[in-house]
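Reader: I would like to learn how to read nonpolar cores and sheets in a model. Please take them one at a time.

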Amino acid sequence: MIHVDALFKRHGELEILKGISLTVNRGEVAAIIGPSGGGKSTFLRCINGLETFQGGAVRVGPHVLSANLHPRKDAAQLQKVRKVVGFVFQQFNLFPHLSVLGNLIEAPMLVDNEPKESAVARAVALLDRVGLLAKAEAYPRDLSGGQQQRVAIARTLMMRPEAILFDEPTSALDPVMANEVLGVISDLAKADQTMIVVTHSMRFARQVSDHVHVFAGGHDVEFGPPDKVFGDPQHETTKSFLKEAGKD
Amino acid sequence: MNRLIGLLFALVMLCLPRLAAAQETPAQGAAPAEGGGTWATIQKDKRLIWGSDMEGGGPFIFPREDDPEKVTGFEVDLADKLGEYLEVTPEFSQGQWDKLLDLLRAEKVQLVINGYEWSPERAELFEASMPYYVYALQLMARSDDAGITSWDDLKKPRPDGALMKIGVLTGSASQEVMEEHCGALCEVIGYDGNTDAMREVETGKLDATLQDTPIASFYAPSFPALRPIGEPVAPGYYVIYARKGDRQLIQAVNEALILMLRNGELERIYSRYGIWDKQQQELFTLAEHAKFFGYEKAAQVEVNTADAPLTQADVAVTSTRKRGWVVVQDYFPVLVKSAGLTVVLAGLSFPLAVLAGILIAVGRLYGPAWVRLPLTAYVEFLRGTPLMLQLYFIFFLLPELGVNIPAFTTAVLGLAINYSAYESEIYRAGIQAIPGGQMEAALSLGMSPTQAIFRVIVPQAVRIVIPPVVNDFIALFKDTSVCSVVTLIELTKRFTVLSMSTQAVVEMMLMTAFLYLVMSYPMSLIARNIEKRLGGSGVNV
């Protein structure tokens with residue numbers, strides 16, 4: 001489904017990703033963990049073209065993102081990938097000028113020319129699924145962080161993405177709200193939704209993922225099934241990171 | 001001496017069109033001569049468009065008391081009579097006095113009749129008719145001011161040592177004459193309105209004023225506290241101007257003027273306004289010489305010194321001064337009507353400005369370099385030059401490039417273009433205030449950059465910038481007053497015209513201010529309402 005091949009990204013003199021390769025098959029969940037500044041978010045943002053990169057390639061199904069794309073000139077190519085890869089942000093990024101329902105139906109109507117009735121019907125079903133049907137007419141600022149993030153997930157699902165990228169979806173939330181969101185993501189995993197999740201929640205990574213990757217210093221230093229990585233870490237960085245993370 | 005030279009000039013210009021027209025005759029067979037252009041048009045359309053400024057006031061041209069939207073004055077009567085002789089319908093076209101010759105050049109009018117003095121500089125650039133009035137300059141002071149009885153008294157300081165202050169019309173012959181007379185011994189102060197200086201003398205702010213004789217005579221009843229000092233001096237000629245090359249037209253005008261003079265019709269018109277004086281005898285001398293320059297027919301008419309009694313229609317027109325409620329009752333409806341034009345101008349131009357402003361802002365923020373650079377230049381250029389100049393360019397200079405845009409369209413376009421520069425800066429700031437995550441969220445949902453900009457970013461920016469945009473709308477609303485430069489009579493122009501003709505400045509000012517306030521305050525309220533309503537959606541501000 002998603003094949004990343006030797007991804008290399010530099011920001012000025014600073015090398016952020018130093019040739020990372022990663023594959024996620026259909027229906028799999030990959031978790032990316034690791035210390036801050038290790039390149040996790042940047043890696044995720046490269047996959048749907050929010051960041052450009054200088055080396056390697058990203059392949060999503062039949063679509064390919066090559067190095068050094070131009071955000072405007074290659075917009076059509078980027079758009080193709082984004083249509084099949086959803087993205088959930090740490091800061092939710094709901095559209096504040098639209099209601100919850102408006103946030104959900106805007107893109108399908110605009111991008112896929114979906115009729116309003118059909119979009120609304122699907123939106124209502126999705127809101128029900130994330131437990132927020134009562135908030136359909138509310139505006140984002142009237143919602144708690146956890147509710148906003150659940151709306152953001154529903155909004156992404158409206159595009160029927162083949163894969164969803166989660167960029168620290170619970171880092172801005174308190175534990176109670178984080179659990180609401182993690183519950184929704186777990187449900188998606190059970191429904192065999194292809195996902196890559198960057199997270200600081202080790203417990204969650206262990207529970208939902210099919211394989212775990214540890215990013216540090218721009219390298220994928222260690223990866224494997226969660227039981228292996230968490231139960232028997234090989235790499236020194238992984239060991240010290242898990243030790244630190246375990247203190248929380 | 002000056003007068004003799006003036007007379008000579010007048011004679012020369014009287015003969016010029018005749019001689020020139022005679023020389024052109026052979027060319028007329030094949031194609032119409034350049035000089036025949038306007039005259040041919042006038043004869044074909046059966047109408048003559050003449051430009052004048054009703055703000056100039058009495059006795060030249062000013063709003064009628066019974067219908068302030070129509071004009072009267074000796075120049076209006078003159079144009080009417082001219083129409084009779086030329087067998088065409090005269091059509092008055094309003095223009096700002098100092099822009100009338102520009103209107104002529106831009107082919108917006110065919111003749112200018114508005115107290116324009118003959119000068120060698122103007123005669124060089126335009127065709128001038130023979131004089132239709134001989135004016136002179138009259139010194140006036142307060143009747144109770146014993147300190148001024150002659151021109152020489154002006155050079156004597158007041159007992160407290162203060163120099164005499166004398167008001168003149170800025171840029172007119174009176175200013176030149178008075179500055180020469182005074183030197184360092186008295187102070188000359190320029191005014192824009194004809195009667196402003198007279199009012200200032202009356203109130204004691206000025207010691208004296210020097211005025212053209214028609215104004216001094218016509219407004220004498222309105223300013224009973226003033227009296228003439230000495231005889232009028234430095235005579236000059238009011239002439240009618242046409243475009244360079246329109247010699248056949250000027251020739252026809254000259255012929256009509258000579259006939260009107262010799263028939264006594266000119267005297268009759270001027271007498272109605274109390275401005276027929278002995279200076280006008282000089283016109284007969286000119287007419288007498290006209291026969292030498294080919295105006296035989298006109299010169300053969302018997303001189304009729306207007307001994308026919310004045311009829312009912314000739315009842316003298318004098319200036320009256322209204323005050324108080326009468327002014328409100330008589331003029332408020334006209335002001336309201338002009339306010340309507342102000343509303344229409346603002347209502348049409350501002351949405352255009354906003355639309356263009358948004359597109360410019362988007363182009364500057366998201367466009368490639370070849371879009372950004374010209375837009376930046378556009379904004380800087382339009383912000384850095386006055387609106388008045390831009391309107392002037394569109395209305396008066398574009399016609400020379402073959403683009404002739406009507407006044408109303410010019411005003412709407414000019415305002416929209418000028419304000420689009422300001423709006424674009426506001427929207428640019430508004431767009432930049434939207435967090436970057438909004439664009440990323442829109443793109444990651446599969447929207448194209450254009451969809452993301454116009455469906456996600458711009459709608460949020462629009463909400464943020466409501467207060468400064470409303471502010472700009474109110475500013476534009478008041479800036480519509482600049483449109484008088486392109487001959488539109490909106491509220492402010494109507495105010496100056498009426499306060500000049502009625503002298504009821506205070507009443508007019510209060511009514512005008514009231515109207516502007518009544519129109520702009522509801523907009524503030526509406527804006528506040530929109531802000532509250534849209535603010536409810538919680539856009540980050």
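Reader: Which residues touch the most other members of the largest nonpolar core?

Author: This is a predicted model, in which local features need pLDDT of at least 70, side-chain atom pairs count only at pLDDT 80 or more, and totals for chains, interfaces and linings use all residues. Residues are numbered from 1 along each chain as its sequence is written, while chains are lettered from A and ligands numbered from 1 in the order in which they are written. In soluble globular proteins, nonpolar side chains tend to be buried together. A nonpolar core here is a set of buried Ala, Val, Leu, Ile, Met, Phe, Trp, Tyr and Cys residues joined through C-beta atoms within 7 Å; buried means that 20 or more other C-beta atoms, placed from the backbone, lie within 10 Å of the residue's own. In the largest core, of 121 residues, A:Ala154 and B:Ala411 touch the most other members. Helix H16 (residues 407–432) of chain B gives the largest share of this core, 11 residues. Helices are DSSP runs of H or I with at least four residues, strands runs of E with at least two, numbered from the N terminus.

Reader: Which residues does B:Ala411 touch, not counting those up to four places away in sequence?

Author: Contact means C-beta atoms, placed from the backbone, within 7 Å. B:Ala411 touches B:Leu345, B:Leu391, B:Cys483, B:Val486 and B:Leu488 on that count.

Reader: In what order do the strands of the open sheet in chain A run?

Author: Strands pair if DSSP finds at least two bridges between them. The six strands follow the order S6-S7-S8-S3-S9-S10, with mixed pairing. Strands S6 (85–88) and S10 (219–224) of chain A are the edges, each pairing on one side only.

Methods
A residue is buried if 20 or more other C-beta atoms lie within 10 Å of its own, exposed if 12 or fewer, and partly exposed in between; C-beta atoms are placed from the backbone. Two residues are in contact if their C-beta atoms, placed from the backbone, lie within 7 Å.
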